[in-house]
Amino acid sequence: MKKKQPINAKGIYRKKVNILLVEIVNRNFGDAVIADNTSYLITSSIPFWLKGRYVLQRYKIDSHDLERIKAADMVIFAGGGIIKYKYERFYESISEIVQCAKEHGIPVYFNSVGIEGYDSNDERCMMLKRALNADCVKVITVRDDLKTLRRSYLEMEDERVPGKNTAYTAGVIDPAVYTPRVYGVKKMGKTNTIGIGIVRHRIFEANGLEQVTKEIQLELWSGIAKLLEAHGYKWKFFVNGLRSDQEFAEEVLAYMGREQEANERLVERPVTADELVRTISSFEGIIACRMHANIIAYALGIPSIGLVWNDKLLFWGQKIGYPDRFLTYERFQPQQAVHGIINAMEKGVKPLDRKLKKSVQKPLRKFIRQYGTAAWKRNRENALDKIVSWEERLVAAALGGLDTRYSGIDCRQGLEAAIENGFQIFEADIRLTTDGKLVCVNGWSKATYEKLGLIPPGSQTMEDGSFSDGERIYTSDGIEYDAFMRSGYYGNHFAVLDARELFSRMERIGGEEESADRPKEAAWKLILDIGKPKKEILTQMLTRLKHLCCRFQGCEGHLIIRLQGKYEVEAVKDAGLSSMEIMYYVPPAQKREEKKLSLDSIGKFCQKQGIQWVSMPKEALESDVMAMGRKYKLKTCVFSYNTFTEVIRALDMGVDWVATSYLSVRELESWYEK
């Protein structure tokens, strides 16, 4: 007899195979390139007959999101230099992830990792050793020092034959060699421009090369640029994305007395991995410190000279057959670097051996097919508990974050991504410009102005709270509407919004065509956070909001205004904004003590004013706050959580809505199928 499938109130559900891809998330986009390439290798390794049964989830390595690990059927570390312990704390995150996987019987794969040293007397190193020897770790592939992994971390008696409880190990190429295919990018060819990849000056000191001082580096980089010019080449400084790298590149330009040429000589700091790849593709050759600037160049067939601050670059040079193109500090002279790149461009780049290129995918494919097929057969028989309607619980904070890197910017791309990702509840920050127009912005702080590119980092804060870049002054009360609308976040990569465009876009949500992710006439909600404005500004804001409500009547019944004080509540009611629900603010315990404000007084005030919603920062989410909410029959919204673990905790405590920047409705729902 055929076994009955589990059924709940919504129909038949079977859990899919959930692959958790552990990645490093920062503004060094070399790490993002690794993760994107590994993601490609994973998806291309899934058997075609099970394509619809797999879900790939990206997981930030230091997010401490144990509930997401528990929900995985396999864990794959994307790669990169993570088996190290001297000046980064990956050992803590790796230990936590592997321990959780071990407790729940989840197989783990380390993909093309970098092994950077071993010390049996260092507890941090021993934490890594214990993690790598856990019985849930099935495969470890290494891009560089395979010998240290086998002899020291795993203590294999015979390097060719794994022990009974030892993971399978192999030396492989870095996954970033698939970059041209993953990003659809080719080298531009003869551009006569050399890219000079700058790195923060302290990186040499952090890696035991104290002799490579800042002064030596200033002379080196400036000397390389001048010598390239003498040989008839154009040049540009570029970075992989870190602000500290960009700041040192600016300092080198200033040292050369050529800071006025920044627009021509310094590539804008990339905002995405794709931008970094396209920047490198525009060069005929590169001289760079960052390992993945060199790897991306190699993948694109662009010759490179690497300046070595870590042995991993030497391993890479040996692996691809160009050890002479990677210069150790004894050879840090402009002549060596420039003559090296000219010679490399004359000889070109030989194609990567096909077998070596496939080395990174072959064991990965075997792992996915072995453990994935088993998980799918096992999971489809498992009955599931209640399925959460995530579209009714998750709020897109500040209209939604992007790329697990950018949040709190209330931009057009974030809103569209949130809609695409299945959200039905949105939160937007609304402020007034100095000429009285409503725009979407999270306050007029110095950080906001910097993100908008209106003042550079390091600009001075003046006594009255305004900011100056030496020429213009920006106040904490905002700027003119036209100036705001001409700007954009992170070098105009993310478009700003005004309130009129926001209301117009939200009004259209209910009229969009029905789809599996968004039923027609979806009951969307928009929370408007107006901050805590001065009285005269508040009056103007409410007048503008009333005009918008009259103009966009399709928004009626969908709007909630988030308020922080009793005066704001009275002002909203006096303004005649009856079509808006009010969400009242509950501060953390310390703030309540300072203001001599009791939870009972908040509850009574909400009851008296007919307020049904309260919001709180995550620091305020405690059992006594939730008890107050139940007592006065208040619905609750907490801001903001970005891990599944935190969201589950909040829902278990009785929270109605949870705001998030990086989780998504579609992502969480994709773990199951109907």
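**Contact of helices 22 and 23**

In this predicted model, Lys-535, Leu-538 and Leu-542 of helix 22 make contact with Tyr-567, Glu-568, Ala-571 and Val-572 of helix 23. Sorted by class, this contact comprises five nonpolar and two charged residues, with no polar ones.

The crossing of helix 22 past helix 23 is right-handed.

Five strands form an open sheet in the order 12-11-13-14-15, with parallel pairing. Strand 12 (234-238) and strand 15 (326-327) lie at the edges, each pairing on one side only.

Within the sheet, strand 11 (residues 193-197) pairs with strand 13 (residues 285-288) in the parallel sense over four bridges. Ile-196 has Ile-287 in strand 13 as its bridge partner. Helix 8 (residues 214-230) packs on the sheet and touches strand 11, strand 12, strand 13 and strand 14 (304-307); its direction makes about 175° with that of strand 11.

**Salt bridges**

The whole structure contains 31 salt bridges. Arg-143 takes part in one with Asp-174, where the closest N and O atoms are 3.3 Å apart. This pair links distant parts of the chain, 31 residues apart: Arg-143 is in the loop between strand 9 (137-142) and helix 5 (146-153), and Asp-174 is in the loop between strand 10 (168-171) and helix 6 (179-183). Arg-143 is buried because its relative accessible area is 5%, and Asp-174 is likewise buried, at 1%.

Arg-143 also forms a salt bridge with Asp-144, with the closest N and O atoms 3.4 Å apart; both of these residues are buried.

Elsewhere, Arg-202 forms a salt bridge with Glu-205 at 3.6 Å between the closest N and O atoms. Glu-205 is partly exposed, with 45% relative accessibility. Shared partners join the salt bridges of Glu-229, Arg-258, Glu-261 and Arg-265 into one network.

Definitions and conventions. Residues numbered from 1 in each chain as written. Predicted model: local features only at pLDDT ≥ 70, side-chain atom pairs only at ≥ 80, totals over all residues. Heavy atoms only, no water. Left-handed = near helix turned anticlockwise from the far one by under 90°. Helix = DSSP H or I, 4+ residues; strand = E, 2+ residues; numbered from the N terminus. Contact = heavy atoms within 4.5 Å. Nonpolar A, V, L, I, M, F, W, Y, C, P; charged D, E, K, R; others polar. Pairing = 2+ DSSP bridges. Axes fitted to C-alpha atoms, helices over the stretch in contact; angles between N-to-C directions. Salt bridge = Lys/Arg side-chain N within 4 Å of Asp/Glu carboxyl O. Buried < 20%, exposed > 50% of the residue type's maximum accessible area, 1.4 Å probe, protein only.
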